[in-house]
Every structure is written in C-alpha cells, then in structure tokens.
Amino acid sequence: MPVSELLVSGVIAAFGLLLLRQARNTRRRARTATDLATHAERFDDDGIGTTVRGPVSVTTPGLPDRTPPAEADTTDGDPALWAWRVRTKQKKNRRGSTWRTTDHGLAIGAFSITQEWNEVAVDADALVDDDTGLLRDEPDPFEAANLYLGDPAVDVRLGDLDPINARLERWGLTGEDGLLGGFEVTIGSGRSTMTPDRYQATVVRDGDELLVRGELDETGEHPVLRGTEDVPMVVAVGDLEERAERIRRQARRTAITGVVILGAAAVFAGLAVL
C-alpha cells in the first residue's frame, strides 16, 4: 500500500480542515458584529451583555507606551483608545515576502459613553485585563477577535525608501497615487528586506463614536460597563454592518478554499489506492 502517498493526502486534508475551522470562527465573528450593530440602537441587555454606542468623553487620556510618528500624533482631542502596531516586511523561506507584526500595543484611557441621555463609564482596567480584556487571545489589536477596528486609520512609513522604489515613486509609477498603486520592489538578503517598517494605528478621541459591550454594573452611583469571564468586553469602531459583510466574504473565501483542498486530498488518496 502506498503509505507515503496516503500520508501526504492526510496532511493536505488536515490543512483543509484547518481552513474550514478558521472559516467557522470567522463566521462567528461576523454574527457578533451583526448582533452588536442591531443592539447598539437601544440601551438594553441583549442576553449576552449590554451594548452602548455613542460619543466618548475622556477624563484621562490613553497614551501609547511607544512614541508615535509625528504624522500620527495629532492634537485634535484626548485619546480614549489608541491601538497601534508596527509591521515589518520579511522574505519568505522560498520566495515572495509578507508583512509581519513586530511591535504592538493598546492604550486605554478613562472615559464614558453617552447614549440616549445615559452616561455610562467604561472600566478601562477590564479592557486590558489578561482574562477578560480585548487582547487576551491575540496581542495584535487589529487581529484581536473582540476588537473590531477595521483597517488602520493611520499608516505611516518609518524611514526612507530604497533608491529603486524611491525613483519609481518619483516617476509616479508607485505610491498612493501611482499608476501601479501599492506595487513595490522588495530588496533584501536572508529574511530581512530594505523596505521601511510601517506604523499603523487607529485612535478614538474625545467626541468620537465608540461601541462597547460588557456587563452593566449599576450598583454604584453611576453605571459602569465591565468585563467578566462570561461576558468579555467587545469594542467596535466605524460601520459595523459594512464590517460584518466584509468578514462574511472572508469566511466564504476561506471555506471554499478549505473544501477545494479537501477535495484534492480525497482525489490524491483515491489515486494512491488504485
């Protein structure tokens, strides 16, 4: 019996199953985004937690522990939330390159949210708690399951381009307004490249709208939204309906890829047995 061929098909099938599991988790995330958008229109408990959406009022700013580049550090209001990361372009083992997160952080200030004349304080410690906080499963804030930030609002290059890419950008071929858009020539040796790192961030400032879900504590003088093991905190910025649709499309693409790979594994196994 061709054991080696069956082993290869098993590895391929395992990869397909992994993609299907990832697609299921992504669909669950899309459903959460839809539920948040639905219950954010009213101040009540949806059976999972209480969702509050409205403008934030900052009493103590949340400042990142890494000094941001000047282009990202505006002065148009104290930040309630500052999510950031640094991306480094690295070469893959065989060919091609990919962006990887090499530094990251989430700064939370003291703030409250106003919705329908209700002012609800948000427990900042709960948002960064190791067990109930937003980054308990994923340290990159833009990849965290309970933090819906979308694409970073700030994307700044850290350093100068290499001579080849600098000239292409000067000629109008690359860059944001270039004919080739985000095309870039990757130059480097080993895993390292000459491509400058990128600083990416999304900042929610005083007066901006923010959505937070958690467990509402009304035992004190003012209501406070906290996180528990049963009701972990969820935070969202921007258009959740559009975000949910994008996540659903991603889930469908991942599921289709997983099914195709499983089918290929089955065909490979069948040919090995014949």
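**Exercise 1. In this predicted model, which residues are linked with R85 in a network of salt bridges?**

Solution. 
1. The network of salt bridges links R85, D140 and E143.
2. Within it, the side chains of D140 and R85 meet at 2.9 Å, N to O. The pair links distant parts of the chain, with D140 in the loop between α2 and β6 (147-148) and R85 in strand β2, 55 residues apart.
3. To classify burial, apply the cut-off of under 20% relative accessible area. D140 is buried because its relative accessibility is 3%. R85, at 8%, is buried as well.
4. The side chain of R85 also makes a polar contact of 2.8 Å with the side chain of Q200.
5. Beyond four places in sequence, the contacts of R85 include T101, D103, H104, F142, E143, P152, R198 and Y199.

**Exercise 2. How many salt bridges does the count come to? Describe the R226–D123 and D155–R198 pairs.**

Solution. 
1. The count comes to six salt bridges.
2. R226 and D123 meet through their side chains at 3.0 Å, N to O. R226 belongs to strand β12 (residues 224-226) and D123 to the loop between β5 and α2, 103 residues apart.
3. Here the two partners fall in separate classes: R226 is partly exposed at 33% relative accessibility, whereas D123 is buried at 17%.
4. D155 and R198 form a salt bridge with an N to O distance of 2.7 Å. D155 sits in strand β7 (residues 154-158) and R198 in strand β10, 43 residues apart.
5. D155 has a relative accessible area of 38%, so D155 counts as partly exposed.

**Exercise 3. Which residues have the most contacts inside the largest nonpolar core, and which elements give two or more residues to it?**

Solution. 
1. The largest nonpolar core has 27 residues, and V56, F111, L127, L210, V212 and V235 have the most contacts inside it.
2. Two or more residues come from each of β1 (50-60), β2 (79-91), β3 (97-108), β4 (110-115), β5 (118-122), α2 (124-127) and β11 (209-217).
3. Another core, of nine residues, lies apart from it; W84, V86, V156 and A201 are among its members.
4. Take L127 as an example: beyond four places in sequence, L127 contacts I108, F111, V122, G133, L134, M233 and V235.
5. In soluble globular proteins, nonpolar side chains tend to be buried together.

**Exercise 4. Is V234 buried or exposed, and how far apart are V234 and G49 in space?**

Solution. 
1. V234 is found in strand β13 (residues 234-236).
2. V234 is buried because its relative accessible area is 2%.
3. The C-alpha atoms of V234 and G49 are 9.7 Å apart, although 185 residues separate the two in sequence.
4. For the whole chain, 39% of the 274 residues count as buried. Among contacts between residues at least 6 apart in sequence, 68% join residues at least 24 apart.

**Exercise 5. Where is confidence lowest and where is it highest among the elements?**

Solution. 
1. The protein chain has four helices and 13 strands.
2. Confidence is lowest in strand β8 (residues 188-189), with a mean pLDDT of 55, and highest in strand β10 (residues 197-205), at 91.
3. Over the protein chain the mean pLDDT is 76, and 64% of residues reach 70 or more.
4. Residues 177-181 stay under 50, and the model has eight contacts for them beyond four places in sequence.
5. Where pLDDT is low, the predicted coordinates should not be read in detail.

Definitions and conventions: Residues are numbered from 1 along each chain as its sequence is written. This is a predicted model: local features need pLDDT of at least 70, side-chain atom pairs count only at pLDDT 80 or more; totals for chains, interfaces and linings use all residues. Side-chain values use heavy atoms; hydrogens and water are left out. Buried means under 20% relative accessible area, exposed over 50%, partly exposed in between (1.4 Å probe, protein chains only). Contact means heavy atoms within 4.5 Å. pLDDT is the predictor's confidence in each residue, from 0 to 100. A nonpolar core is a set of buried Ala, Val, Leu, Ile, Met, Phe, Trp, Tyr and Cys residues joined through side-chain atoms within 4.5 Å. A polar contact is a pair of N or O atoms within 3.5 Å; within protein, one must be able to donate a hydrogen and the other to accept it, and residues adjacent in sequence count only if both atoms are side-chain atoms. A salt bridge is a side-chain nitrogen of Lys or Arg within 4 Å of a carboxyl oxygen of Asp or Glu.
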